[in-house]
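Biologist: I'm new to this one. Could you show it to me and let me ask how you know things?

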Amino acid sequence: MNSPPADSGQAECHLIENVMAVLGRAWAGAVLQAMLDGAERFTDIARGAPGVTDAVLSARLKELCARGLVTRHVHPGPPVAVTYQLTPAGRDVEPVLTAIRTFGLAHPVIAGPRRERQPRSRNR
């Protein structure tokens, strides 16, 4: 019988830490959930993540694009339109988010109190 290499546990921990570093970023889960719910335009994604600022949403979308979870498409205009779509890897996050939500509901002490989000304001 083959036993796993001695460092396989360490490799798994490293893998989990790397994934959590991406998904655990502020608003990353909410952005991905909004996109799983069908949002593609910046304003629609923002509406699906109430309370996220434009700067944070922009940063998160750039990071998710860089990690291969989201693609950005520029549609020529006028006016120019930008849409975001989940890649197959991005769609594969759905059961992970569902598991995190289920865990949070089952263990509210660990999840912490529900944060009340302030309505989004547009400073333009």
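This is a predicted model: local features need pLDDT of at least 70, side-chain atom pairs count only at pLDDT 80 or more; totals for chains, interfaces and linings use all residues.

Biologist: What makes Glu-63 and Arg-25 a salt bridge?

Modeller: A salt bridge needs a side-chain nitrogen of Lys or Arg within 4 Å of a carboxyl oxygen of Asp or Glu. Here the N to O distance is 2.9 Å, so the pair qualifies. The two come from distant parts of the chain, 38 residues apart: Glu-63 sits in helix α4 (residues 54-66), Arg-25 in the loop between α1 and α2 (28-36). Helices here are DSSP runs (H or I, at least four residues).

Biologist: Why is Arg-60 called buried?

Modeller: Buried means under 20% relative accessible area, exposed over 50%, and partly exposed in between, using a 1.4 Å probe and protein chains only. Arg-60 has 6%, so it counts as buried.

Biologist: And what does Arg-60 meet in a salt bridge?

Modeller: Glu-63, at 2.7 Å from N to O. Salt bridges with shared partners join Arg-25, Arg-60 and Glu-63 into one network.

Biologist: How do you know whether Arg-47 is buried or exposed?

Modeller: Its relative accessible area is 59%, so Arg-47 is exposed. Arg-47 also forms a salt bridge with Asp-44, with the closest N and O atoms 2.9 Å apart. Asp-44, at 26%, is partly exposed.

Terms used:
Residues are numbered from 1 along each chain as its sequence is written. Side-chain values use heavy atoms; hydrogens and water are left out.
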